[in-house]
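Let's take a friendly walk through this structure together. Have the viewer ready and follow along as we go.

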Amino acid sequence: MQYMQRAIELARNTLGSASPNPSVGAVIVNGGAVVGEGWTQPVGGPHAEIVALEHAGEAARGATIYTTLEPCCHFGKTPPCTTALLKAGIAEVRTAVLDPDPRVNGAGVAEMERAGVKVSLGLCAEDATKIIESYVHRTTTGLPFVIAKFAMSLDGKIATASGESQWISGEAARRHVHALRRTADAVMVGVGTALADDPQLTARDESDIPLERQPLRVVVDSSGRVSPTSKLFSSQGNVLVATADMDQLKEDALQRVGAEVVRLPGRDGRVDVGALMTVLVERGVNSVLIEGGGTLLASLIEQGLLSKVEAIVAPILIGGRNALTPVEGDGFGRLQDALRLENLTVSRLGDDVHIVGYTRSNHRDGA
């Protein structure tokens, strides 16, 4: 158990840097001692098992490897991990979960068993699955794993009627948001949020210093309202602006400040968010963190694209019939049709309450 938990820790530390590959950790044990550790390198680099084997050297012969995901058995950007494990003389493989990639999905286990290697499956499976939930979702659906994050008052407001929103949540919650950004492949906002808050959307450390690795920042801007002087374009990292109909001069101005503009018109004259998700997958995005606003989130819910919700509820009452809520749009006419979350966890972030839940089709235990 302790060795698999260590492998899970190694995998967790690679979240955000391994995509579109899964974040995997591996630990090699021989004679009761750890002789090698590894984790997934950025795309094109070696997988966790290969790094661990290189670390172990000859000590891998006759050893047991603990790996959070079934070793791959196909040629991709790197050779099969199963081949390397067999060549190194690994005697036993303990893996948490099968790889849902149709090129693997049990074939890696079968290959090693045919070669006489003892294989066991399922150790710490729930913890390991949570780490790769975005990879599993993208692999099985062809769409990114979409996480909605919002902070709201106890009466469901994300801003006052005058538009003030900083800060509804406390410092602990804001630190959590940066942790979410660090592990996301993309962070997305609607143009209303970009105009109202002028956010940077960068992942920063506890000293508020931007990290070297930044998620792709995406603005959904149907008619070209975002300003080239926005902080988004003066901050570290890449920015993609999705539009339905933008003036060419505005597009040129955004490109001059480093933004990429993609045109994805939908039938309603707004950005086709479904097509945008396909574009992001094609660019290696497994997970998308939605940070506002309500119209964008409503569109994602209407199209069945939302996977997970991270809601932070502050112990304050704002009121105001014109104050914004996390989800706008037309909403559901009947309670029985409302989007219900499952597999809930509730915890505290300072004085705030942190609620995490999955949409029915994205229940992680069924991933």
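Is cysteine 124 buried or exposed? Cysteine 124 counts as buried, because its relative accessibility is 13% and the cut-off is under 20%.

## The model and its confidence

Please keep in mind that this is a predicted model. The protein chain has an average pLDDT of 92, and 98% of the residues score at least 70. Residues 363-367 are a stretch to treat with care: their pLDDT is below 50, and beyond near neighbours in sequence the stretch has 13 contacts in the model. Where pLDDT is low, the predicted coordinates should not be read in detail.

## Overall build

The protein chain contains 11 helices and 14 strands. Its C-alpha trace spans about 65 × 45 × 40 Å along the principal axes.

Of the 367 residues, 51% count as buried. The chain exposes about 17,200 Å², and carbon and sulfur atoms supply 50% of that area. Among contacts between residues at least 6 apart in sequence, 67% join residues at least 24 apart.

## Helix α2 and its cover

Helix α2 (residues 48-56) is mostly covered, with 7 of its 9 residues buried. These are Ala48, Glu49, Ile50, Val51, Ala52, Leu53 and Ala56. The elements covering them include strands β1 (25-30), β2 (33-39) and β3 (64-69), along with helix α3 (81-88). Just after α2, glycine 57 takes a positive phi of about 60°.

Strand β2 holds alanine 33, which counts as partly exposed because its relative accessibility is 36%. Alanine 33 and glutamate 49 are 16 residues apart along the chain, and their C-alpha atoms are separated by 17 Å.

## Cysteines

How many disulfides does a search of the whole structure find? The search finds 0. Cysteine 73 is in no disulfide; its nearest cysteine sulfur belongs to cysteine 72 and is 7.0 Å away. Cysteine 73 is buried, with a relative accessible area of 19%.

## Backbone details worth a look

Most residues other than glycine have a negative phi, and most peptide bonds are trans. Here are some departures to inspect. The peptide bond from serine 19 to proline 20 is cis, with omega near 10°, and proline 20 sits in the loop between α1 and β1. A cis peptide bond also runs from glycine 292 to glycine 293, with omega near 0°. Glycine 293 is in the loop between β11 (287-290) and α11 (294-302).

Aspartate 198 has a positive phi near 45° and lies in the loop between α8 (191-197) and β8 (216-220). With a relative accessible area of 25%, aspartate 198 is partly exposed. Asparagine 343 has a positive phi near 50°, and its place is in strand β13 (residues 341-349). Asparagine 343 is partly exposed too, at 22% relative accessible area.

Terms used. Residues numbered from 1 in each chain as written. Predicted model: local features only at pLDDT ≥ 70, side-chain atom pairs only at ≥ 80, totals over all residues. Heavy atoms only, no water. pLDDT = per-residue confidence, 0-100. Contact = heavy atoms within 4.5 Å. Disulfide = S-S within 2.5 Å. Buried < 20%, exposed > 50% of the residue type's maximum accessible area, 1.4 Å probe, protein only. Helix = DSSP H or I, 4+ residues; strand = E, 2+ residues; numbered from the N terminus. Areas by Shrake-Rupley, 256 points an atom, 1.4 Å probe, with all protein chains shown as cover.
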